[in-house]
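Subject: Two-chain model, handover and notes

Hello,

Here is the structure I said I would pass on. My notes on what was found in it follow below.

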Amino acid sequence: MKEKKSYDVILFKAVSYALKAEKILKKEGLPHKLIPVPKHISSDCGVCIRFEPEIKSKIEAALFNKVDVEELRTLEN
Amino acid sequence: MTDFTIVDARGLSCPQPVVLAKKALESNKKVKVIVDNETALENVKRLGMKLECDVRVQAKSGDLYEIQMTRRADFDKNQDFVSSCCETGAAKTGPFVIVVSENKMGRGNDELGAVLIKAFLHTVAGQAKKPDVMIFYNTGVTLTVQGSDVLEDLKQLESEGVQILVCGTCLNYFEIKDKLAAGVVSNMYDIVETMSNAGRLIVP
């Protein structure tokens with residue numbers, strides 16, 4: 001199952017940043033998914049953006065100077 | 001510890017692990033139950049206490065637990081220990097149903113609501129306790145068609161046996177019937193029947 005794969009996630013300071021980033025990534029056609037921040041990272045009811053590690057540099061380039069990113073993490077599933 | 005009868009209850013949800021454990025204890029003094037979630041662990045432990053067993057739990061890697069139960073006395077096989085051990089005892093009479101009546105979660109802010117419903121469905125798909133049926137109607141049906149951000153989650157739920165009913169009238173109204181990508185086209189009869197028979201019904 002796909003659960004075995006590892007993903008990267010971008011964490012934001014606020015939901016509005018995540019929404020802004022989602023809009024940009026949609027426009028750029030970069031595959032991603034808005035998901036709840038995994039419990040082991042934070043118990044807040046936050047959202048983050050998940051993507052395949054292969055397109056990390058593209059994602060970073062798309063968001064660079066446009067959205068404040070709090071942290072980029074790799075999730076081991 | 002070869003003298004333990006092993007019950008492998010991995011991948012099973014309540015009340016299955018409790019049922020199997022009780023069955024095994026009826027004919028064996030020593031039973032080891034393997035479960036893969038905390039709910040099952042708690043429920044099986046509770047059964048062990050009720051049956052006055054000596055209960056020992058070993059946590060294994062991940063969410064795996066081995067529960068060793070040694071029976072000290074006989075118990076009444078006909079007594080219903082199962083429903084009192086399962087947290088869901090009160091709701092076990094009908095299917096667990098989730099109704100998605102909108103393409104957003106909660107009222108107030110639609111942009112936020114759209115984020116929340118995505119997060120909700122993603123979380124449902126990742127949960128051990130899956131619904132039996134999910135019903136989509138009104139703008140909720142837009143989540144089940146091509147281009148929806150939650151298709152991956154809905155397809156996963158479907159592949160794991162969750163029945164997804166999508167209101168046909170609604171697909172028709174939005175003129176997206178030909179774009180349906182998860183679930184089956186359903187009607188008000190099935191929707192009403194499913195809702196009426198639900199043991200538990202959640203509307204996010």
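A residue is called buried here if 20 or more other C-beta atoms lie within 10 Å of its own, with C-beta atoms placed from the backbone. By that count, buried residues make up 36% of the 204 residues in chain B. Please keep in mind that this is a predicted model.

Chain B, overall

The secondary structure of chain B consists of seven helices and nine strands. Taking contacts in chain B between residues at least 6 apart in sequence, 67% join residues at least 24 apart.

The sheet with β1 to β4 of chain B

Four strands of chain B form an open sheet with mixed pairing, in the order β1-β2-β4-β3. β1 (5-8) and β3 of chain B each have a single partner strand and stand at the edges, so one side of each is left without a neighbour in the sheet. On average, and with direction ignored, neighbouring strands of this sheet are turned by 20° against each other. Inside that order, strand β2 (residues 30-35) and strand β4 (residues 65-71) of chain B pair in the antiparallel sense over six bridges. One residue pair to look up is Ile34(B), whose bridge partner in β4(B) is Glu66(B).

Ala59(B) belongs to strand β3 (residues 53-59) of chain B. Is Ala59(B) buried or exposed? Ala59(B) has 10 other C-beta atoms within 10 Å. The cut-off for exposed is 12 or fewer, so Ala59(B) counts as exposed. From Ala59(B) to Leu41(B) the separation is 18 residues in sequence and 9.9 Å in space, C-alpha to C-alpha.

Helices α1 and α2 of chain B

α1(B) lies across β1, β2 and β4 of chain B and runs at about 165° to β2(B). The axes of helix α1 (residues 16-27) of chain B and α2(B) come within 9 Å, crossing at roughly 35°. That crossing of α1(B) and α2(B) is right-handed. On the α1(B) side the contact is made by Pro17(B), Val18(B), Ala21(B) and Lys22(B), and on the α2(B) side by Ala40(B), Asn43(B), Val44(B) and Leu47(B). Sorted by class, the contact of α1(B) with α2(B) has six nonpolar residues, one polar and one charged.

Helix α2 (residues 38-50) of chain B has 13 residues, which should span 18 Å at 1.5 Å a residue; the end C-alpha atoms are 18 Å apart, in agreement. The buried residues of α2(B) are Ala40(B), Leu41(B), Asn43(B), Val44(B), Lys45(B), Leu47(B) and Gly48(B). Just after α2(B), Glu52(B) has a positive phi of about 55°.

Helix α4 of chain B

The span check was repeated for helix α4 (residues 110-126) of chain B. Its 17 residues should span 24 Å at 1.5 Å a residue, and the end C-alpha atoms are 24 Å apart, which agrees. Buried in α4(B) are Val115(B), Ile117(B), Lys118(B), Ala119(B), Phe120(B), Leu121(B), His122(B) and Val124(B). What do the buried residues of α4(B) pack against? In chain A they pack against α1, β2 and β3, and in chain B against β5 (96-100) and α5 (151-159).

Where the chains meet

Six residues of chain A are in contact with seven residues of chain B. α1 (15-28) and β2 (33-36) of chain A each supply at least two residues of the side of chain A that touches chain B. β2(A) gives the most to that side, with three residues. By class, the side of chain A that touches chain B divides into six nonpolar residues, no polar and no charged.

Chain A

Chain A has two helices and four strands, and from the N terminus on its elements run β-α-β-β-α-β. Of its 77 residues, 19% count as buried. Among contacts in chain A between residues at least 6 apart in sequence, 71% join residues at least 24 apart.

Strand β1 (residues 7-11) of chain A runs antiparallel to strand β4 (residues 71-75) of chain A, joined by five bridges. β1(A) is also joined to strand β3 (residues 47-51) of chain A, by three bridges and again antiparallel.

Regards

Conventions: Residues are numbered from 1 along each chain as its sequence is written. Chains are lettered from A and ligands numbered from 1 in the order in which they are written. This is a predicted model: local features need pLDDT of at least 70, side-chain atom pairs count only at pLDDT 80 or more; totals for chains, interfaces and linings use all residues. Two residues are in contact if their C-beta atoms, placed from the backbone, lie within 7 Å. The expected span of a helix is 1.5 Å times one less than its number of residues. Two strands pair if DSSP finds at least two bridges between them. Axes are lines fitted to C-alpha atoms, for helices over the stretch in contact, and angles run from 0 to 180 degrees between N-to-C directions. A crossing is left-handed if the near helix is turned anticlockwise from the far one by less than a right angle, and right-handed if clockwise. Ala, Val, Leu, Ile, Met, Phe, Trp, Tyr, Cys and Pro count as nonpolar, Asp, Glu, Lys and Arg as charged, and the others, Gly among them, as polar.
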